[in-house]
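Hello,

Here is the structure we talked about. Please open it alongside this email and go through the notes below with it on screen.

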Amino acid sequence: MQFLGGNRRKLRLADDQRNACYPHSLQFYLQPPSGNISLIEFENLAIDRVKLLKSVENLGVSYVKGSEQYQSKLEAEVRKLKFSYRENLEDEYEPRRRDHISHFILRLAYCQSEELRRWFIQQEMDLLRFRFSILPKDKIQSFLKDSHLQFEAISDEEKTLREQDIMASSHSLGGVQLELESVYKIPFADALDLFRGRKVYLENGFAYVPLKDIVAIILNEFRTKLSKALALTARSLPAVQSDERLQPLLNHLSHSYTGQDYSTQGNVGKVSLDQIDSLSTKSFPPCMRQLHKALRENHHLRHGGRMQYGLFLKGIGLTLEQALQFWKQEFIRGKMDPDKFDKGYSYNIRHSFGKEGKRTDYTPYSCLKIILTNPPSQGDYHGCPFRHSDPELLRQKLQAYKIPPSGISQILDLVKGTHYQVACQKFFEMTHNVDDCGFSLSHPNQFFFESQRILSGGKDVKKESVQPETPQSKPSVQRSKDASSALASLNSSLEMDLEGLEELLQ
């Protein structure tokens, strides 16, 4: 791909050529884009794509995915940003081209760390799910073929022959008449998740999957392909980072739009140790509330719990000295020798504050990271209660938190539908007596600060008498300056030729 300064001369393609480039409103992004693009358009497409993915994230937290409200609001966002979303619309070439190129631009920005890759993959999957849900049935087979998915819709005769077996095995069908539902013949290896859950009919090495269940398989294939592509892009990234005009822009994108990191610098000294017990019942999210309770009862937490809870406390304002005192006092209550704590545990606390090892200043875990990584095992208390708790145990916890029965039913229904962040947001609204919290919950520390804002009548959590440390300037500030200077140079008439870019983006 070639990048040009100034305005790009658009190539005029015949209608049949344009349709052949992008036959569908959604795609697996199997081939990278080719041709010329101006650096100005490169920037604009990247920013618009990030706006779209942030909308996907926020709507997914605020509404149940697939609901009427979610679908209509997301369609409005896609249409506003001029990306493709529906089949059979006139002159869809440009929106589909924008969709194609912008996806590959963000691969460059979001391949740089595991956290960025995880966020990017999740939002792209949700966007694909939305587009597939409004894809006309007569277009599905051709989309599957163009995406290199060997999923074939069976004939009505085959469906009638196996009707009883398919209906008995596929719970998603419910009372649906099978003749009204498409059924796909899929290689057994591609339907392992359905097989493990005993939700699919198998015969001669093939799974017979109704349309309602095929979405999960398509998304799993998309996730696998995109994850591999991002890993390959990350290994080849130096080829792009060597260009001084692109590197600041890509870094700015990757650091500015994945949500607030809730690092401790702006909150140091705002919370004292004797406040923690009362704050845990008033303003802690359920994940941190259960960790605090387990720590107080057992005087110990395993590594996963210490990391999740320790970084949360760091984010709400505990200093390194406070953190060392907090953990040491609690562990000594559990009959641990002070010398053993100093030798075995204090190093890890200092490490999390960036004072040991690589001097990395770790930030608190987001909801997405807690939900998707390091699930708790027996004896652990970390994780997300809405994701990792047994439903009956979760019900008991909600009762203990004085959630009314009708509210418990609403939350459990959301959990059953795997809408964990929406369930936590509903918990926030019920415990703070608000009809609409006015934000999309994506981080435990966000839960805390929004709670404190409401409880203090719109003011921040009250500061300790100790004078807080002067916040250091964050690296993102410098990145913003670098990005601004990079964007100012986009009108340059210089021409850049990245000969290996197509291979890089594969």
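Tyr201 has Tyr208 as its bridge partner in β6. This is a predicted model, and every value below is computed from it.

How much of β6 is buried? Of the 5 residues in this strand (206–210), 4 are buried, and the strand is mostly covered.

Asp126 lies in α5, which runs over residues 114–133. Is Asp126 buried or exposed? Its relative accessible area is 2%, so Asp126 counts as buried, the cut-off being under 20%. What does its side chain make a polar contact with? The partner is the side chain of Lys65, at 2.9 Å. If neighbours within four places in sequence are left aside, Asp126 is in contact with Val56, Lys65 and Tyr70.

Then the cavities. The structure holds 5 of them with a volume of 30 Å³ or more.

The largest cavity has a volume of about 210 Å³. Its lining is made of 17 residues, and those nearest the centre are Arg306, Gly310, Trp327, Ile349 and Ser352. Three helices each supply at least two lining residues: α15 (303–316), α16 (320–333) and α18 (346–352). Helix α15 gives the most, with 7 residues. Sorted by class, the lining of this cavity has 11 nonpolar, 4 polar and 2 charged residues.

The second largest cavity has a volume of about 130 Å³. It is lined by 16 residues, with Cys287, Cys367, Cys384, Phe386 and Cys424 nearest the centre. Two or more lining residues come from each of α14 (286–298), α19 (367–372), α20 (385–388) and α23 (420–431). How many charged residues are in this lining? There are no charged residues; the lining divides into 13 nonpolar and 3 polar.

Regards

Technical notes
Residues numbered from 1 in each chain as written. Predicted model: local features only at pLDDT ≥ 70, side-chain atom pairs only at ≥ 80, totals over all residues. Heavy atoms only, no water. 1 Å grid on protein atoms, 1.4 Å probe; cavity = no way out; pocket = protein on both sides within 12 Å on 5 of 7 lines; lining within 4 Å. Points joined across faces, edges and corners; volume = space filled by probe spheres on them. Nonpolar A, V, L, I, M, F, W, Y, C, P; charged D, E, K, R; others polar. Buried < 20%, exposed > 50% of the residue type's maximum accessible area, 1.4 Å probe, protein only. Polar contact = N/O pair within 3.5 Å; in protein donor to acceptor, adjacent residues only side chain to side chain. Contact = heavy atoms within 4.5 Å. Pairing = 2+ DSSP bridges.
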